[in-house]
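Here is a walk through one protein model, part by part. Keep the structure in view as you read.

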Amino acid sequence: MRVSRFFPLACVLVSPMSFAETTSSPTVVEQMESAIVEQTNEFRKKKELDALESDAELTKSASQFAQYMAESGRYGHRADGRTPARRAKAAGYQYCVVRENIAYRTNTGEVSAENLIDVFVQGWIDSPSHRENMLADYVTQTGVAVATADDVTYYAVQLFGRPKSESIRIEIANRSGGVQTLVISAADSEEEVELPPRGVLRMKRCFPTTLKRAGHDQTVTVDSSTEFSIDDNGIEQTTTQ
C-alpha cells in the first residue's frame with residue numbers, strides 16, 4: 001500500500017545538513033534530491049520557463065524541515081510552528097518570495113529512488129496548486145531535501161524562492177502637467193496611486209507588476225527592473241536595468 005499526501009502553500013513576504021547522520025541510505029536520498037531538481041527544471045523547460053538554480057540556504061532550510069518531519073512524524077507546512085518563509089529566513093535566505101511543496105510516502109516494499117520520485121514529482125505536477133509553484137515564472141532558485149528516520153516513510157521538501165537582491169525595482173516619473181492616477185497590480189493585489197506633476201514614484205516588487213493609467217486602456221507589464229515616464233500620451237519605458 002502506498003500513502004502520499006500533498007499540501008500547497010505559497011508564502012509571500014515583502015552548510016546543508018548531511019544525511020549521512022540519518023538512518024536513510026545516502027545514495028537513495030541523494031538520487032531523489034538530484035532527480036527532483038532535474039525533473040522540475042525539465043518540466044519548466046517544457047513550459048518555456050528558465051531553469052531554477054539550487055541555493056545552499058534554501059537547501060539547508062528544506063533539509064532541516066524534512067529531517068524535523070521525519071524525526072517527529074509531524075506533517076504540514078507549519079508542522080514546526082513556523083511558515084516556510086520564516087524557516088528560510090532562519091537558514092539565512094534573504095527572500096523576496098518563498099513558496100514550498102511537501103510530500104511524504106510510506107513504503108511497504110523495497111525502497112527505490114525511482115518509485116519515490118514518481119510519487120513526489122509526478123504528484124506535485126498532477127496537483128494544480130503544487131504545479132503552480134513549480135511553474136511560477138518569478139521564482140529563480142530552489143532547495144530540495146528528502147529525509148527518513150526509519151527507511152520506511154520518506155519526507156520530501158522543495159522550496160522555491162526569489163532573493164531580495166532580485167526584487168523588481170520600478171521608477172515612474174510624471175512628465176505631464178497634471179496629476180496622473182496609476183493602477184498598480186501584482187499577484188492578487190491592486191492599488192491606485194496619484195502621482196503629482198514632476199513627481200517620481202519608486203517601488204520594489206517581488207512579482208511581475210502591471211501598470212495602467214486610470215481610465216485608459218494601455219497596460220504595461222513589468223518583470224524586470226525598469227524606469228518609465230508618464231505623460232498625457234501614456235506610459236513609456238525609458239531604461240531597463
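**A guided walk**

The protein chain exposes about 12100 Å², and carbon and sulfur atoms supply 44% of that area. Accessible areas come from the Shrake-Rupley method with a 1.4 Å probe; for residues, only the protein chains shown count as cover. This is a predicted model, in which local features need pLDDT of at least 70 and side-chain atom pairs count only at pLDDT 80 or more, while totals for chains, interfaces and linings use all residues. Residues are numbered from 1 along each chain as its sequence is written, and side-chain values use heavy atoms, with hydrogens and water left out.

The chain has 5 helices and 13 strands. Both are DSSP runs numbered from the N terminus: helices are H or I with at least four residues, strands are E with at least two. Of the 241 residues, 49% count as buried. Buried means under 20% relative accessible area, exposed means over 50%, and partly exposed lies in between (1.4 Å probe, protein chains only).

Start with helix α2. Its 17 residues reach 24 Å from the first C-alpha to the last, close to the 24 Å expected at 1.5 Å a residue. The expected span is 1.5 Å times one less than the number of residues. At the N-terminal end, Asp 55 caps α2: a side-chain oxygen lies 3.0 Å from the backbone nitrogen of Glu 57. That is a polar contact, a pair of N or O atoms within 3.5 Å; within protein, one must be able to donate a hydrogen and the other to accept it, and residues adjacent in sequence count only if both atoms are side-chain atoms. Just after α2, Gly 73 takes a positive phi of about 75 degrees.

What do the buried residues of α2 pack against? They pack against α3, β3, β4 and β5. Contact here means heavy atoms within 4.5 Å. Among the buried residues of α2 are Leu 58, Phe 65 and Met 69.

Next come the aromatic rings. A pair of aromatic rings is described by the distance of the centres and the angle of the planes. Rings of Phe, Tyr and Trp (its six-membered ring) pair if their centres lie within 6.5 Å; planes under 30 degrees apart count as stacked, over 60 as edge-to-face and the rest as tilted. The structure holds 5 aromatic pairs. One of them joins Tyr 75 and Tyr 104 edge-to-face, at 4.8 Å centre to centre and 75 degrees between the planes. Tyr 75 lies in the loop between α2 and α3 and Tyr 104 in strand β3, so this pair ties together parts that are 29 residues apart in sequence. The rings of Tyr 75 and Tyr 155 have centres 6.2 Å apart and planes at 45 degrees, so that pair is tilted. Tyr 155 lies in strand β5, so its pair with Tyr 75 ties together parts that are 80 residues apart in sequence. Tyr 75 is buried at 18% relative accessibility, Tyr 104 at 13% and Tyr 155 at 8%.

Now turn to helix α4. Its 14 residues should span 20 Å at 1.5 Å a residue, and its end C-alpha atoms are 19 Å apart, which agrees. Since 10 of the 14 residues are buried, α4 is largely enclosed by the rest of the structure. Phe 120 and Trp 124 are among the buried residues.

Most residues other than glycine have a negative phi, and most peptide bonds are trans. Asp 151, in the loop between β4 and β5, has a positive phi near 60 degrees. Arg 198 has a positive phi near 65 degrees and lies in the loop between β8 and β9. Asp 151 is partly exposed at 33%, whereas Arg 198 is exposed at 71%.

Finish with two polar contacts. Glu 191 is found in strand β8 and is partly exposed at 38%. A polar contact of 2.7 Å joins its side chain to that of Arg 205. Ser 225 sits in the loop between β11 and β12 and is buried at 12%. A polar atom of the Ser 225 side chain lies 3.0 Å from the backbone nitrogen of Arg 169.
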